[in-house]
Amino acid sequence: MLEISGLFARYGGITALRDVSMTIPDGAVVALLGSNGAGKSTLLNSIMGSIEGVTEGSIRLNGEEVRGKKPTDLMHRGVAMAPEGRQIFSDLSIDENLRMGAYLRRDPDGIRSDRDRIFALFPRLEERHNQRAGTLSGGEQQMLAIGRALMSRPQLLLLDEPSLGLAPLFVTQIMRIVSDINAGGIAVVLVEQNARQALRVSTEGYVMERGTIRMSGRACDLSKDPSVTAAYLGGN
């Protein structure tokens, strides 16, 4: 589905990504691991066309070059992103936030159907659908951010730190929802500090360090790799 090759990203005089290459197969869940500052969010923003710097290299979506396209162009092509920090519209209701996720669509019946599907996926949101988003808990806001991204009906969903700052119970729920989303035929790229949880729900994984890909492989193999275990899974 997505092929990245020789990708560089620069902010002023700083090179944030260096010769990054990776493949996201159709229907996969791909974990993107690394410490803070490794370049994970920059990579997602580069894919989504929302990076504030300059990029070089190739990003091909279903065979089409999309590097440098605007976020709206990527959304039309079936890519959506739930950004780090959620970035919901705090003064709008849950319903209004979800409608904002579908603002490029012109199929009212389909939008209503997808809204109902998201409420089935996130029952808490349905219970509070008229509530201002800013009054939700952190976990509920994360559910809303994911639901809003799904309202564009993507083929590829980019999730940037969905469990950041959440209680363990919510982390488990979010990861289960990632699996449910993928079971519906949506490929997922998952940037996640909780490496153990991320690898558990992923089919493949990449490890980033200082803007480059240092390691890649099947998620089950990475979870057993001694260097990954020592750096990210609390091993010795």
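Visitor: How many salt bridges does the count come to here?

Guide: This is a predicted model. A salt bridge needs a side-chain nitrogen of Lys or Arg within 4 Å of a carboxyl oxygen of Asp or Glu. By this rule the count is 15 salt bridges.

Visitor: Where do Asp109 and Arg112 lie?

Guide: Both are in helix α4, which covers residues 108–121. They are three residues apart, about one turn of the helix.

Visitor: Why does Asp109 count as exposed?

Guide: Exposed means over 50% relative accessible area. Asp109 has 57%, so it counts as exposed. Arg112, at 47%, is partly exposed.

Visitor: Which residue forms a salt bridge with Arg153?

Guide: Asp114 does, and the closest N and O atoms are 3.0 Å apart. This pair links distant parts of the chain, 39 residues apart. Arg153 sits in the loop between α6 (138–150) and β7 (156–160), while Asp114 belongs to helix α4.

Visitor: Is Asp114 buried or exposed?

Guide: Buried means under 20% relative accessible area. Asp114 has 5%, so it is buried.

Visitor: Which residues are linked in a network of salt bridges?

Guide: The network joins Arg105, Asp107, Asp114, Arg117 and Arg153.

Visitor: What about Asp116 and Arg115?

Guide: Their side chains meet in a salt bridge, at 3.5 Å from N to O. Asp116 is partly exposed at 47% relative accessible area, and Arg115 is partly exposed at 25%.

Key. Residues are numbered from 1 along each chain as its sequence is written. This is a predicted model: local features need pLDDT of at least 70, side-chain atom pairs count only at pLDDT 80 or more; totals for chains, interfaces and linings use all residues. Side-chain values use heavy atoms; hydrogens and water are left out. Helices (H or I, at least four residues) and strands (E, at least two) are DSSP runs, numbered from the N terminus. Buried means under 20% relative accessible area, exposed over 50%, partly exposed in between (1.4 Å probe, protein chains only).
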